[in-house]
Amino acid sequence: MINDQATMLRNELKTARFVTVASGKGGVGKSLVTMNVAVSLSKMNKKVLVIDMDVGFANLEVLGGLHLKHTLKDFFSGVDLGEIIEKTKYGFWLLSSGNDVNDIYAFQMGERERLFSEFQKLGSEMDYILIDMGAGYSELMDNIYTITDDFILVITPEPTSIMDGYTFLKILSIKELKSRMLLVVNMVNDLSEGRILIKKFGEVITKFTSLQFEKSYSILNDPRVRRSVRDQKPFVISHEKIQPTFGIIGISSAIAGRDYKNNAPKKMSFANKIKRFFRLER
Ligand SMILES: Nc1ncnc2c1ncn2[C@@H]1O[C@H](COP(=O)(O)OP(=O)(O)O)[C@@H](O)[C@H]1O
Ligand SMILES: [Mg+2]
């Protein structure tokens, strides 16, 4: 009886946090960061669902050497969401938006009411819902920005990536993004390059937008990371003692250790968040 009550209480308190990984420019390491953070959080015994939202270009499966039976488009032709969201060999669950034209079409035209009700059941069992976004700003994804608890921007030291990252945040700042902001400077040549960029970029963002980074992380450009992509294996598993892995653990700890009490998106119920997520309401 006491056990039952404890379980009930836990279930009531449980509400999955949304973590969005985004960037202005493509090819900066979003998907790699997302997957490795997912693995790292799973190792901390957290239940993590990753949604590959790079609709039409989803590639998390390839990065992880995973072979999902379904993508979201199968949902719209009648397959249960529970079959489409698959548990991976790394401990996290994965929902893929798919990587062909039919997937894009299904995503735009599909029937969302059913998606909402099934997702509400499955999603609420998770601790974290990680969203791997496509590059750049897209109005179609506006609702995701408004519900996310943590927003992770990934940039690299390339001027184009810095510029696109800035422009992207400028837009989100006008849209009044309310999430906690984390910055990841990926593929730096050494940690001092990372520190300098974190300082400069942070100052520009604070000065010219209404946003501010709470925490920032550097990840080294490391040939072993590139190799892990070729081997289709998360580097936090194949290389436990390299700096990029420590960076990922830092980011994961920031997510898991966060006190969400004073968080604006948190005030929205889980049901309302996923309604927005699936663009059922604004
Ligand atoms: N820290 C790193 N060190 C070395 N190569 C990296 C690193 N991060 C990313 N890469 C390279 O960049 C490529 C693109 O990464 P990916 O996560 O697919 O980018 P995005 O999702 O932003 O388009 C990877 O395939 C890998 O070769
Ligand atoms: Mg990607």
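This is a predicted model: local features need pLDDT of at least 70, side-chain atom pairs count only at pLDDT 80 or more; totals for chains, interfaces and linings use all residues.
1. A residue counts as buried if 20 or more other C-beta atoms lie within 10 Å of its own, and as exposed if 12 or fewer do. By that criterion both faces of strand S1 are covered: Arg17, Val19 and Val21 are buried on one side, and Phe18, Thr20 and Ala22 on the other.

2. Overall composition. The protein has 14 helices and 8 strands. Of its 282 residues, 43% count as buried. Among contacts with a separation of 6 or more, 80% are made by residues 24 or more positions apart.

3. The sheet. The 8 strands form an open sheet with mixed pairing, in the order S3-S4-S2-S5-S1-S6-S7-S8. Strand S3 (86–87) and strand S8 (213–220) each have a single partner strand and stand at the edges, so one side of each is left without a neighbour in the sheet. Strands of a sheet pair through backbone hydrogen bonds, either parallel or antiparallel.

4. Partners of S1. S1 pairs with strand S5 (residues 128–132) in the parallel sense, over 5 bridges; within this pairing, leucine 130 in S5 is the bridge partner of valine 19. S1 is also joined to S6 by 4 bridges, and these two strands run parallel. Here threonine 20 stands opposite phenylalanine 151 in S6.

5. Nonpolar core. The largest nonpolar core comprises 70 residues, and those with the most contacts inside it are Val48, Leu49, Leu130, Ile131 and Val184. Not counting residues up to four places away in sequence, leucine 130 touches Val19, Val21, Thr34, Val37, Ala38, Val48 and Val50. In soluble globular proteins, nonpolar side chains tend to be buried together.

6. The S6–S7 pairing and helix H10. Strand S6 (residues 150–155) and strand S7 (residues 180–188) run parallel and are joined by 6 bridges. Isoleucine 155 stands opposite valine 185 in S7. Helix H10 (residues 191–208) packs on the sheet, where it touches S6, S7 and S8; the direction of H10 makes about 145° with that of S7.

7. Glutamate 214 is found in strand S8. Glutamate 214 has 12 other C-beta atoms within 10 Å and is therefore exposed, since 12 or fewer is the limit for that class. Leaving aside neighbours within four places in sequence, glutamate 214 is in contact with Arg180, Met181 and Leu182. The C-alpha atoms of glutamate 214 and leucine 182 are separated by 5.9 Å, although the two residues are 32 residues apart along the chain.

8. Helix H9. Helix H9 (residues 159–174) has 16 residues and reaches 23 Å from its first C-alpha to its last, close to the 22 Å expected at 1.5 Å a residue. The buried residues of H9 are Ser161, Asp164, Gly165, Leu169 and Leu172. Viewed down the axis of H9, these buried residues fall within an arc of 135°, so they line one face of the helix. They pack against helix H8 (142–147), S6 and H10. The face turned away from the buried side carries the exposed residues Pro159, Thr160 and Ile174. An α-helix has 3.6 residues a turn, so residues three or four places apart point the same way.

9. Helix H13. Helix H13 (residues 243–256) has 14 residues, and its reach from first to last C-alpha is 20 Å, close to the 20 Å expected at 1.5 Å a residue. Pro244, Thr245, Gly247, Ile248, Ile251, Ser252 and Ile255 are buried in H13. Seen down the axis of H13, they fall within an arc of 155°, so they line one face of the helix.

10. Positive phi values. Most residues other than glycine have a negative phi.
   - Asparagine 45 has a positive phi, near 65°, and lies in the loop between helix H2 (30–43) and strand S2 (48–52). Asparagine 45 counts as exposed, because it has 9 C-beta neighbours inside 10 Å.
   - Methionine 187 has a positive phi, near 60°, and lies in strand S7. Methionine 187 counts as buried, because it has 23 C-beta neighbours inside 10 Å.
   - Glutamate 176, which follows H9, has a positive phi near 60°.

Methods: Residues are numbered from 1 along each chain as its sequence is written. Chains are lettered from A and ligands numbered from 1 in the order in which they are written. The expected span of a helix is 1.5 Å times one less than its number of residues. The arc is that of the directions from the helix axis to the C-beta atoms. Two residues are in contact if their C-beta atoms, placed from the backbone, lie within 7 Å. Two strands pair if DSSP finds at least two bridges between them. Axes are lines fitted to C-alpha atoms, for helices over the stretch in contact, and angles run from 0 to 180 degrees between N-to-C directions. A nonpolar core is a set of buried Ala, Val, Leu, Ile, Met, Phe, Trp, Tyr and Cys residues joined through C-beta atoms within 7 Å.
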